Protein chains: 2
Amino acid sequence: MEEALLKLKHHFLETVDITDEEWKYISSHFTFKRLKKHQFLIQEGMNVPHEFWIVKGLVKSYFLEESGKEYILQFALENYWVSDFHAYQNHGISTLNIDCLEDAEFLVMSFDDREKMCVEVPALANFFRIKSTKGYISLQQRVMGLMKDSAEKRFNDLVEKLPNLVQRVPKKYIASYLGVSRETLSRFSK
Amino acid sequence: MEEALLKLKHHFLETVDITDEEWKYISSHFTFKRLKKHQFLIQEGMNVPHEFWIVKGLVKSYFLEESGKEYILQFALENYWVSDFHAYQNHGISTLNIDCLEDAEFLVMSFDDREKMCVEVPALANFFRIKSTKGYISLQQRVMGLMKDSAEKRFNDLVEKLPNLVQRVPKKYIASYLGVSRETLSRFSK
């Protein structure tokens, strides 16, 4: 866990200044979690008291229709924060599933600890403020892409944003993320 | 402007505690702007040093294709914060247009003032952190809607979220927001 916490400290310091004393306090609120490929981080119908920082590995976050059809909201890998944020923020029940596409390691923080620490440590409030703003902007671009761009354009944008992702994720999930068949995907994912 | 600032103070206090002294400091950084229906708050190709809190009125934020086709990203009304956040956050050039669907009033804050005040006044950092998180969640739901829901379901979700909006926005813009023709919209927007 020590190594994971060092990585997380570095992740924070890329965005805000945190003193050693503050870091000691913040880091004491994280726990460590390890999952194998195919295991679930969050399953539909669960309470979601935690969010997760990905130390290592790759997950997919998706909505499952009654018919069994999977709608992939997001792939997340090292340095991403993941959760069912709607359920997490509103103390609700998860409507999403998050499972591991690779063996994965996480640092885990609870909602109550986050809220408490963001009041006690202003740098942390600013860290999450800036991260949320960037996440918001990234989702706005995703919305615009879904409204106006072809699947091929959206695929190319995904490759540009996360060049390693396409090597790590099975093609069928990339197709599902883009909302196209595997055949359509194979036409432009050479 | 005094009345507008009082409304803004109330808007902040709904989410965080701010002392009178902090408020005096924060409020001194806002300016007031009034626009008529059809005027632009932001035009494509502009620098975007500001974000705007809507005191009164209604705007639409949209991307314009070379062909002239409009893709509406968002409608925003009283209490919403609007900008081209991608350009604003990255000191870039606007790719969006924001124009007024009604006469409108705004309180205006610059990026530099926001960043400065968020470090100086932790409550403000927490305010924008919580607002950004809620905005992120709302956009996640929009992404899921665009991936899996019919235009009719997305229309009903919009009405549920903002019951007054549909009375205030011309039908052609609602259709554009949903990505359907006016004929299709008229089938389920009785």
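**Exercise 1. Polar links between the chains**

Find how many residue pairs are in polar contact across the interface of chain B and chain A in this predicted model.

*Solution.* 
Step 1. Search for N or O atoms within 3.5 Å of each other across the interface.
Step 2. Keep pairs in which both residues have pLDDT 80 or more.
Step 3. Count them: the rule finds seven residue pairs.
Step 4. Now list the elements behind this surface. On the side of chain B that touches chain A, β5 (70-77), α3 (85-90), α4 (111-120), α5 (122-148) and α8 each give two or more residues.
Step 5. Pick the main contributor. That is α5(B), with 20 residues.
Step 6. Sort this side of chain B by class. It has 19 nonpolar, ten polar and five charged residues.

**Exercise 2. Salt bridges**

State how many salt bridges cross the interface of chain B and chain A, and describe one of them.

*Solution.* 
Step 1. Look for a Lys or Arg side-chain nitrogen within 4 Å of an Asp or Glu carboxyl oxygen.
Step 2. Across the interface, the rule finds two salt bridges.
Step 3. One of them joins the side chains of Arg129(A) and Glu115(B). The N to O distance is 2.9 Å, which lies within the 4 Å cut-off.

**Exercise 3. Contact and buried area**

Work out how many residues meet between chain B and chain A, and how much area they bury.

*Solution.* 
Step 1. Count contacts: 34 residues of chain B touch 34 residues of chain A.
Step 2. Compare the two sides. Of the interface residues of chain B, 100% are also interface residues in chain A, so the copies meet through the same surface.
Step 3. Read the area: about 3600 Å² is buried between the chains. Carbon and sulfur atoms give 71% of it.
Step 4. Find who loses the most. In chain B these are Arg129(B), Tyr136(B) and Met147(B), together 19% of what that side buries.

**Exercise 4. Symmetry**

Determine how chain B is laid on chain A.

*Solution.* 
Step 1. Superpose the copies. The RMSD is 0.0 Å.
Step 2. Conclude. The two copies are thus related as by a two-fold rotation axis.
Step 3. Locate the axis. In chain B, the nearest C-alpha belongs to Arg129(B), at 1.9 Å.

**Exercise 5. Helix α8**

*Solution.* 
Step 1. List the buried residues: Tyr173(B), Ile174(B), Ala175(B), Ser176(B), Tyr177(B) and Leu178(B).
Step 2. Check what follows α8(B). Gly179(B) comes next, with a positive phi near 75°.

How values were computed: Residues numbered from 1 in each chain as written. Chains lettered and ligands numbered in written order. Predicted model: local features only at pLDDT ≥ 70, side-chain atom pairs only at ≥ 80, totals over all residues. Heavy atoms only, no water. Least-squares fit on C-alpha atoms with pLDDT ≥ 70 in both. Contact = heavy atoms within 4.5 Å. Buried < 20%, exposed > 50% of the residue type's maximum accessible area, 1.4 Å probe, protein only. Helix = DSSP H or I, 4+ residues; strand = E, 2+ residues; numbered from the N terminus. Buried area = accessible area lost by both parts, 1.4 Å probe. Polar contact = N/O pair within 3.5 Å; in protein donor to acceptor, adjacent residues only side chain to side chain. Nonpolar A, V, L, I, M, F, W, Y, C, P; charged D, E, K, R; others polar.
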